[in-house]
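Subject: Structure handover

Hello,

Here is the structure for your files. My notes on the contacts follow below it.

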Amino acid sequence: MPLSKINNITREEIYFRHLDYVGYRRDDDLWDIEGHFKDLRSFDTPCLDRPAHTIFAGEPFHEMYIRLTVDDDLFIKNIEINIENAPYKQCPLTEVVYQKLVGLQIKTGFSKDIHRQIQIKQGCTHLFELIIGTAQAAFQTIYPIRMMKYARGTKPDPIDTCLAWDSSGEMVKNQWPQYYQKKEQE
């Protein structure tokens, strides 16, 4: 259900952020997960590093792309980043630093792992956000394949990672009874 309507209020859109993620299975048994980040403003913004020293209303304030190539176990095999639009000339210089993420595994603590590899002042706040979202999309893309592996007797990784996957909960009890653990009486 969408959000409720606000009656008797006029609103003017000032800011728009769009994030897209798409997952692809490759014919070499790897996965490409692509993310796209774009934000716009509805007013002209002074910006010395842009032509005319202005980012015009409706023009992308930021626009960046990422492609993570990962294997079935979510190890990053390659990363490609393109900063198409940014407010400052220095922003695209951060693209190369993200190569340090090659070899990392997308798993619990991934955000902390990124920050261990890349100091915040070496990177870009928006790319950090885009990478985290792309990593989440990678998990959601590869999840069905991993579930097929689990059907062969391997414990599902998500057990005990959230309320729905609580090993003492109804979903695990019904779908994965061999991993169900009855709660001890409190």
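The structure holds 12 salt bridges. The term covers a side-chain nitrogen of Lys or Arg within 4 Å of a carboxyl oxygen of Asp or Glu. This is a predicted model, so local features need pLDDT of at least 70 and side-chain atom pairs pLDDT 80 or more, while totals for chains, interfaces and linings use all residues. Residues are numbered from 1 along each chain as its sequence is written, and side-chain values use heavy atoms, without hydrogens or water.

Salt bridges

Start with D72 and R25. Their side chains meet in a salt bridge at 3.2 Å, N to O. The pair links distant parts of the chain: D72 sits in the loop between β5 and β6, R25 in strand β1, 47 residues apart. Helices (H or I, at least four residues) and strands (E, at least two) are DSSP runs, numbered from the N terminus. D72 is buried at 18% relative accessibility. R25 is partly exposed at 40%. The cut-offs are under 20% relative accessible area for buried, over 50% for exposed, and partly exposed in between (1.4 Å probe, protein chains only).

R26 and D28 form another salt bridge, at 2.6 Å, N to O. Both ends are partly exposed: R26 at 27%, D28 at 38%.

R116 bridges to D113, with the closest N and O atoms 2.4 Å apart. Both lie in helix α1, 3 residues apart, so about one helical turn separates R116 and D113. R116 is exposed at 60% relative accessibility. D113 is buried at 13%. Elsewhere, salt bridges with shared partners join R17, D39 and E129 into one network.

Strands β1 and β2

Strand β1 (residues 15-25) and β2 run antiparallel and are joined by 11 bridges. Two strands count as paired if DSSP finds at least two bridges between them. β1 and β2 form a hairpin with 5 residues between them, and D29 in the turn has a positive phi of about 70 degrees.

Positive phi

Most residues other than glycine have a negative phi. Two further residues are worth a look on that point. H53, not a glycine, has a positive phi of about 55 degrees. H53 lies in the loop between β3 and β4 (54-55) and is partly exposed at 48% relative accessibility. L74 has a positive phi near 65 degrees. L74 lies in the loop between β5 (60-70) and β6 and is buried at 2%.

Aromatic rings

How many aromatic pairs are there? The count comes to 3. Rings of Phe, Tyr and Trp (its six-membered ring) pair if their centres lie within 6.5 Å; planes under 30 degrees apart are stacked, over 60 edge-to-face, and the rest tilted.

Y98 and F128 make an edge-to-face pair, 5.8 Å centre to centre with 70 degrees between the planes. Y98 is in the loop between β6 (76-85) and α1 (110-117) and F128 in helix α2 (residues 125-150), so the pair ties together parts 30 residues apart in sequence. Y98 is buried at 0% relative accessible area. F128 is buried too, at 7%.

The rings of Y143 and W165 have centres 6.5 Å apart and planes at 80 degrees, so this pair is edge-to-face. Y143 is in helix α2 and W165 in the loop between α2 and α3 (170-175), 22 residues apart. Y143 is partly exposed at 22%, whereas W165 is buried at 12%. Ring pairs link F139, Y143 and W165 into a cluster.

R41 lies over the face of F61, 3.7 Å from the ring centre. The test is NZ of Lys or CZ of Arg within 6 Å of the ring centre and within 35 degrees of the ring normal.

Surface and loops

I14, Y15 and F43 make a nonpolar surface patch of about 260 Å². Patches take residues with over 30% relative accessible area and no salt bridge; like charges are joined within 9 Å, nonpolar side chains (Val, Leu, Ile, Met, Phe, Trp, Tyr) within 5 Å. Areas come from the Shrake-Rupley method with a 1.4 Å probe, and for residues only the protein chains shown count as cover. F43 is in the loop between β2 (31-41) and β3 (45-46), partly exposed at 35%.

Last item: L93, in the loop between β6 and α1, is exposed at 64% relative accessibility. The C-alpha atoms of L93 and G123 are separated by 8.7 Å, and these residues are 30 apart along the chain.

Best wishes
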